[in-house]
Amino acid sequence: MKSLLKPILYSYWRSSCSWRVRIALNLKEIPYDIKPISLIKSGGEQHCNEYREVNPMEQVPALQIDGHTLIESLAIMHYLEETRPQRPLLPQDVHKRAKVREICEIICSGIQPLQNLIVLIHVGEEKKKEWAQHWITRGFRAVEKVLSTSAGKYCVGDEITMADCCLVPQVFNARRFHVDLRPYPIILRIDRELESNPAFRAAHPSNQPDCPPELPNK
Ligand SMILES: N[C@@H](CCC(=O)N[C@@H](CS)C(=O)NCC(=O)O)C(=O)O
């Protein structure tokens, strides 16, 4: 049952997975509060006992909504889609829906987990940049290929979908790791297209309450 209480999003400003959910909430015009979880402070607040009760995977995001605590950004976006159908994030057409899910899976299973903080810590400071570049490049090659037949103005056709919610934060990560994005003109075009969209802008790391003030380009 839908609750009138404002949802609470456990989020970290630079987390691409939190960012996906922030975009979805914004697009659907669902007001929410942010509870920042620092992935850096004190060895990472995601690992503290209290937060482990919220998300046993010790990761952000988590969303408290309708009296439930939900984890996993894709599952959260689907819940929002099913309970708040306004401003749909999945197309009506079944083939297009499949394409949206394909792109989401490539990013959420095939790219982001391989360049996630906990993995990079394991890989080590010296090799982490090359490692992240390798997996992002491999995944973006596939995303670009899928987009070559699915994209219109956005990832799938001319409506913004969950695929766009996943793509834009992943492009930010790619830039953080200095991935050469020139071979991916469609990805770059869609990212540019969405840069000025108010829902995407408000969800941007630089506009988060826990973004450090000294961050360049804030
Ligand atoms: N599959 C999860 C992945 C969540 C995830 O990897 N979150 C990252 C930030 S984007 C995190 O909390 N990392 C903390 C860590 O690795 O210790 C989702 O989509 O929500």
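Two strands pair if DSSP finds at least two bridges between them. Strands are DSSP runs of E, at least two residues long, and helices are runs of H or I, at least four residues long; both are numbered from the N terminus. Keep those two rules in mind. Here is a case: Leu 9 has Leu 63, in strand 3, as its bridge partner.

A word on the model. It is predicted: local features need pLDDT of at least 70, side-chain atom pairs count only at pLDDT 80 or more, and totals for chains, interfaces and linings use all residues. Residue numbers start from 1 along each chain as its sequence is written.

Now the overall picture. The protein has nine helices and four strands. Along the sequence, the pattern reads β-α-β-α-β-β-α-α-α-α-α-α-α. The C-alpha atoms fill a box of roughly 45 × 45 × 30 Å, taken along the principal axes. What about the radius of gyration? It is taken over C-alpha atoms, and the globule rule is 2.2 Å times the number of residues to the power 0.38. For 218 residues, a compact globule would come out near 17 Å; the protein has 17 Å, so the two agree.

Next, the UniProt record. Its positions are in the numbering used here, its feature names are shortened, and its annotations may be inferred rather than shown by experiment. An unreviewed entry places "domain: GST N-terminal" at residues 5-88. That span is 35% helix and 19% strand, and its end C-alpha atoms lie 22 Å apart. The unreviewed entry also lists "domain: GST C-terminal" at residues 93-213. Here the span is 65% helix and 0% strand, with end C-alpha atoms 44 Å apart.

Four strands form an open sheet in the order 2-1-3-4, with mixed pairing. Strand 2 (33-36) and strand 4 (68-71) are the edge strands; each pairs on one side only. The twist averages 20 degrees from one strand to the next. For such angles, axes are lines fitted to C-alpha atoms, for helices over the stretch in contact, and angles run from 0 to 180 degrees between N-to-C directions.

Let us walk across it. Strand 1 (residues 8-11) and strand 2 run parallel, joined by four bridges. Ser 11 has Pro 36 in strand 2 as its bridge partner. Strand 1 and strand 3 are antiparallel, over three bridges. Strand 3 and strand 4 are also antiparallel, with four bridges. There, Ile 65 has His 68 as its bridge partner. Strand 3 and strand 4 form a hairpin with two residues between them.

Helix 1 lies across strand 1 and strand 3 (62-65), at about 150 degrees to strand 1. Contact here means C-beta atoms, placed from the backbone, within 7 Å.

Now some backbone details. Most residues other than glycine have a negative phi, and most peptide bonds are trans. Where does this model depart from that? Asp 66, in the hairpin turn, has a positive phi of about 55 degrees. Glu 58 has a positive phi of about 55 degrees, although it is not a glycine. Glu 58 sits in the loop between helix 2 and strand 3. Pro 61 is in the loop between helix 2 (49-54) and strand 3. The peptide bond from Val 60 to Pro 61 is cis, with omega near 10 degrees.

Last, the ligand. How many residues surround it? There are 16, and the closest are Ser 15, Gln 59, Ser 73, Leu 117 and Ile 118. A residue counts as near if its C-beta atom, placed from the backbone, lies within 6 Å. Helix 1 (16-27), helix 3 (73-83) and helix 5 (117-123) each supply at least two residues of this shell. The shell divides into eight nonpolar, seven polar and one charged. Nonpolar covers Ala, Val, Leu, Ile, Met, Phe, Trp, Tyr, Cys and Pro; charged covers Asp, Glu, Lys and Arg; the others, Gly among them, are polar.

Definitions and conventions:
Contact = placed C-beta atoms within 7 Å.
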